[in-house]
Amino acid sequence: MKLIIDTDPGIDDAMAIAYAAAAPDIELIGLTTIFGNTHVHQSSRNARFLVDKLGLKIPVAEGAPFARGEDRHAPSEHVHGPEGFGDITEIPQIGENHVQPAAEFLVEMARKHRGELVICAIGPLTNIADAIKLDPEFAGNLANLVIMGGAVFCPGNITEHAEANIYHDAKAANEVFAAPLPTVLVGLDVTLKTLYETADFENLAQKSPEMGGFLCDISRFYLKFYKEIGGLEGCGLHDSTAVIACTHEPMFEMVETGLHVVLDGPEIGATRVDPMRPPVRVCRDVDGAGVVRLFTQRVASLP
């Protein structure tokens, strides 16, 4: 499967990118970056750092710095740390961004790999909405769009109603759900059923001292947040679960429905069922233990 990950690394983004690099059934052909967990320039720096650390030879194309109609963004430092990787703050600048901005790169790759390319969007959906506007044929060129976002049948995480990725650019998300794209939504309905605990990270570090050890190190900040805020003994494999859904759909129970996003008021960012919209396959249940095992198995194969 030819895959591009649209990402805002981010601790769980780093885990998802490591999984994709290790998966034998994925050909990772690029990363596009977006604001979200960090400012977009931090996302790009972190993405290039991960590409180098994983020994990949793929481009990193920088995308939107802000949500629709905004001129600033407040990163999730309390969740991912000041630079996106927990307590690790000295992250080197390695390499350069791709010459094309993210939306143009996505459009070109979708055209080049027509009917083959899957995009896994694990941050706000601004780049995807920009690509849809840029090229009327973009939606038809994709094999699949898999989104980590939303809370359709459960409460949100950034507010009672909304999940963070959708909330951070509700307008862009609403535009994406209005487009006739083959879309799978992997939201909080399933990702909180894939808890990865301290012992899991320590086991991963033993099996994969370099990459697993790095993920274990940056996870401590993330796990502390989950413990203090949610009383959980682990973190959800949010972004990794979305990447796994790209290749392992039978691990998920899905329902098909249209969606819209609430654009104002106290429920802004909420993902609501809308039968008048194009159908989206919404993940409603998951083999959580299977996802955890598969993630560990694949990432443990890395150095």
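A: Helices here are DSSP runs of H or I with at least four residues, and strands are runs of E with at least two, both numbered from the N terminus. Leu215 lies in helix 11, residues 211-230. The model is predicted, so local features need pLDDT of at least 70 and side-chain atom pairs count only at pLDDT 80 or more, while totals for chains, interfaces and linings use all residues. Residues are numbered from 1 along each chain as its sequence is written, and side-chain values use heavy atoms, with hydrogens and water left out.

Q: Is Leu215 buried or exposed?
A: Buried means under 20% relative accessible area, exposed over 50%, and partly exposed in between (1.4 Å probe, protein chains only). Leu215 has 0% relative accessibility, so it counts as buried.

Q: Which residues is Leu215 in contact with, leaving aside its neighbours within four places in sequence?
A: Contact means heavy atoms within 4.5 Å. On that basis Leu215 touches Ala14, Met15, Ala18, Phe201, Leu204 and Val299.

Q: How many salt bridges does the rule give?
A: Side chains of opposite charge can pair when their charged atoms come close. The rule asks for a side-chain nitrogen of Lys or Arg within 4 Å of a carboxyl oxygen of Asp or Glu. The count comes to 14.

Q: Which residue forms a salt bridge with Arg45?
A: The partner of Arg45 is Glu83, with the closest N and O atoms 2.9 Å apart. Arg45 lies in helix 2 (residues 40-53) and Glu83 in the loop between helix 3 (77-80) and helix 4 (102-112), so the pair ties together parts 38 residues apart in sequence. Arg45 counts as buried, at 8% relative accessibility.
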